[in-house]
Amino acid sequence: MAGNQYGFDFLRQEHTLSDKPPELQNVHIASMEEDDNEPPPAIAAAVAHKPDLEKQFDVIHFLQAHRSSGYLPPSVIYKATGIDLEETDESVAKMLVNNPKIRVEQVPDPENPSIMLQHYAYQAKYNHVRNRDQLLAQINRCKNGVAMRDLIDSYDGVEIDLAALITAGDVMAIHNPEDKDKILFPRGEAFLVELDGIITVPEPPANDAIA
């Protein structure tokens with residue numbers, strides 16, 4: 001199909017689902033652009049016998065990967081994951097409604113506005129953080145530190161921004177050996193401290209002197 005009525009930026013070939021089972025390694029989101037509304041056969045076969053918990057994880061993983069697209073309708077989720085939240089997998093839909101990682105919004109059906117459809121979106125812990133400036137502001141508000149894993153799902157490219165803030169010295173990163181995560185602390189304002197006594201710089205050794 002030439003266009004995408006929802007305007008989602010993930011309907012491009014370079015966007016793929018990571019951490020997929022082997023049978024889905026070569027399935028691209030671009031396959032969702034086909035005219036029919038059915039998922040590719042490989043995806044449908046992969047989820048056919050999965051328990052509801054695994055299906056819920058697949059949907060959450062998909063929504064997280066495309067969190068910048070906002071609320072997604074069940075038809076898009078079905079075509080990408082093979083999980084039909086409107087009919088055969090209604091139990092999974094109920095699990096998602098009660099999951100704190102998922103936001104649900106009632107949206108009128110484009111074909112029949114009198115019918116309300118549930119649209120789903122990923123809920124990051126710091127959902128208001130959308131760019132590097134907001135990321136730095138959030139870390140600066142956490143005087144006792146914030147775990148990197150709590151920020152890593154805020155928006156697309158957050159990993160690059162976190163690395164840049166650490167490298168530039170804008171925030172301090174302390175490795176936590178217990179859970180192998182990093183705790184980020186605000187750098188704070190620079191200040192000068194007056195030292196007592198007299199500081200002298202020792203003379204270099206004579207043999208180091210330049211002739």
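The model is predicted: local features need pLDDT of at least 70, side-chain atom pairs count only at pLDDT 80 or more, and totals for chains, interfaces and linings use all residues. Residues are numbered from 1 along each chain as its sequence is written, and side-chain values use heavy atoms, with hydrogens and water left out.

**Helix packing**
- Helices (DSSP runs of H or I, at least four residues) and strands (E, at least two) are numbered from the N terminus.
- Helix α2 (residues 52–65) packs with helix α3 (residues 74–81) at about 105°, their axes being 11 Å apart; axes are lines fitted to C-alpha atoms over the stretch in contact, and angles run from 0 to 180 degrees between N-to-C directions.
- Helix α2 is therefore roughly perpendicular to α3 (65 to 115 degrees).
- In α2 the contact (heavy atoms within 4.5 Å) involves Asp58, Val59, Phe62 and Leu63, and in α3 it involves Val76, Ile77, Ala80 and Thr81.

**Nonpolar cores**
- A nonpolar core is a set of buried Ala, Val, Leu, Ile, Met, Phe, Trp, Tyr and Cys residues joined through side-chain atoms within 4.5 Å, where buried means under 20% relative accessible area (1.4 Å probe, protein chains only).
- The largest core has 17 residues, and those with the most contacts inside it include Phe62, Ile77 and Tyr120.
- Its largest share, 4 residues, comes from α2.

**Sheet**
- An open sheet of 3 strands has the order β3-β5-β4, with antiparallel pairing (at least two DSSP bridges between paired strands).
- Strands β4 and β5 (residues 181–186) pair over 6 bridges.

Terms used: Parallel < 35°, antiparallel > 145°, perpendicular 65-115°, else oblique. Buried < 20%, exposed > 50% of the residue type's maximum accessible area, 1.4 Å probe, protein only.
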